[in-house]
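Colleague: I have some questions about the words used for this model. Please set each value against its cut-off.

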Amino acid sequence: MKSQRSAFPPVFWVANTIEILERFAYYGIYFGFGIYMTSLGLSTEKLGIVQSVFLFLSYGIPIFSGSMADRFGFKKVLVVSYLAYLPAIILLLLFHSYLGVLVAMLCIGTAAGIFKPLVAGTVRVVTDTTNKTLGFGVFYMMVNIGGFVGPVVAGYLRTISWDISHASAAVAIVVMFIITLLFYREPPREESTETLGDKLVGIWTVLTDLKFATFLVLLGLFFWLPFWGFFNVCALYIDSNLDTAAIYRFLEPISHALPWLGPWLLGIISHDEGGVRRILGESIGNTGLIIIVFQILVSRIFEKRRALPSFMFGLVVAAAGLATIGFAAVNGAPIVLLGVTLFAVGEMITSPRIQEYITWIAPKDKAGLYMGSNFIGTMIGAGASGVVTWVYGMFNRAGHPEGIWYVLAAHMVLAVVVFWLFARIAGEFKELDA
């Protein structure tokens with residue numbers, strides 16, 4: 001007889017509400033950031049440096065902040081992240097020089113890194129075997145809702161004022177602060193006595209597994225680097241290099257399929273420029289909406305297939321999407337919508353499956369430690385992804401901005417070869433229960 005699914009406690013819903021707001025703030029700032037720095041007259045080289053520092057901190061600090069939360073309490077560390085977030089966003093409002101923007105984004109990356117494992121940790125603690133799959137499904141959905149709505153709202157507001165756009169992120173953090181203070185109740189759990197030194201020793205122990213350490217580095221350089229490269233430059237490329245008025249004209253008749261709502265949404269993701277309606281780059285240059293709609297379907301299709309072959313197939317789909325985005329510059333701007341959709345499908349296949357693959361690699365008694373160390377691979381790739389922005393700048397100055405997408409597509413195809421060779425040489429990992 002199938003056991004009845006446990007109900008989620010109130011703190012589960014409080015934590016997921018906080019997650020939507022934080023992703024709203026984080027992605028609202030990040031996805032349009034290239035457009036913002038360009039508006040300040042700063043170079044793509046400087047943009048790439050800021051993006052690399054920002055992403056390095058966003059994915060490096062969670063390696064340790066999860067342990068801080070386990071030891072000192074989730075609520076306390078949540079408050080610490082808010083106290084780091086708010087001054088950082090105020091810095092972004094006050095300073096418009098390169099150094100000022102760099103310091104502000106460094107602080108925002110630090111705050112985001114502190115926050116990142118806390119909601120997932122809460123979900124992990126308050127779910128059990130009967131509801132954990134649904135619980136993490138809800139959590140992933142909340143991430144993508146915030147990740148989609150944030151750039152759309154921030155994009156709309158920046159047509160009024162960049163300061164108003166960035167201030168909306170600060171408002172989201174204030175609302176999170178209030179919700180946390182009033183409604184977040186520390187979930188019961190076994191108290192951790194792990195120190196930072198213990199964490200470092202654990203990570204070092206994991207990295208002495210040469211096969212796993214090599215896999216992390218390969219993931220960083222051949223998957224996460226081009227993955228974050230897409231998000232670094234996609235909105236800027238659409239906004240600066242494509243005929244966004246043509247994209248608007250393409251979407252306009254489609255919007256009428258939803259009377260009133262469709263035209264209203266189209267108005268939100270576009271703006272008037274000299275009497276011409278143009279689509280905002282950050283509104284369509286992200287994968288959030290596509291993932292919200294199709295993630296369950298894609299997961300069902302691939303759930304019974306082996307992880308590494310599925311991952312490599314996802315890389316091919318993502319590569320096709322990247323190349324299609326490049327084609328949009330010379331074959332019609334609306335083609336970019338197909339490219340972003342294909343990349344999103346690739347993301348839906350690759351990202352969940354690689355998380356699963358990591359669990360296969362881990363010895364049963366070190367599964368949590370291995371999963372925590374997974375951030376190292378993301379940190380390597382995300383931290384190096386600023387180079388994609390530099391290369392985009394070179395292509396753009398040469399009059400061929402679409403070239404960066406062919407480079408990224410080739411990078412993804414090369415990744416397929418690299419991971420195939422890895423599996424051939426090192427051998428595929430087996431499921432833990434096998």
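Colleague: Why is Ser52 called buried?

Modeller: Ser52 has a relative accessible area of 14%. Buried means under 20%, exposed over 50% and partly exposed in between, with a 1.4 Å probe and protein chains only, so Ser52 is buried. This is a predicted model, in which local features need pLDDT of at least 70, side-chain atom pairs count only at pLDDT 80 or more, and totals for chains, interfaces and linings use all residues. Residues are numbered from 1 along each chain as its sequence is written, and side-chain values use heavy atoms, with hydrogens and water left out.

Colleague: Which residues does Ser52 touch, not counting residues up to four places away in sequence?

Modeller: Ser52 touches Ala382, Gly383, Ala384, Ser385 and Gly386, where contact means heavy atoms within 4.5 Å. Ser52 itself lies in helix H3, residues 44–60; helices (H or I, at least four residues) and strands (E, at least two) are DSSP runs, numbered from the N terminus.

Colleague: What makes Tyr36 count as buried?

Modeller: Its relative accessibility is 2%, so Tyr36 counts as buried. Tyr36 is found in helix H2 and is in contact with Leu92, Phe95, His96, Val101, Trp162 and His166, leaving aside neighbours within four places in sequence. Trp162 is 126 residues away from Tyr36 along the chain, yet their C-alpha atoms are separated by 7.6 Å.

Colleague: And the cysteines: is Cys107 buried, partly exposed or exposed?

Modeller: Cys107 has a relative accessible area of 24%, so Cys107 is partly exposed. Cys234, at 0%, counts as buried. The structure holds zero disulfides, a disulfide being a pair of cysteine sulfur atoms within 2.5 Å.

Colleague: How do the axes of H15 and H19 cross?

Modeller: The axes of H15 (residues 307–331) and H19 (residues 403–426) come within 7 Å and cross at roughly 165 degrees. Therefore H15 is roughly antiparallel to H19: angles under 35 degrees count as roughly parallel, over 145 as roughly antiparallel, 65 to 115 as roughly perpendicular and the rest as oblique. Axes are lines fitted to C-alpha atoms, for helices over the stretch in contact, and angles run from 0 to 180 degrees between N-to-C directions.

Colleague: Why is H11 called roughly antiparallel to H12?

Modeller: H11 (residues 244–255) and H12 (residues 261–268) pack at an angle of about 155 degrees, with their axes 8 Å apart. That angle makes H11 roughly antiparallel to H12. In this contact, Tyr248, Leu251, Glu252 and Ser255 in H11 meet Gly262, Pro263 and Leu266 in H12.
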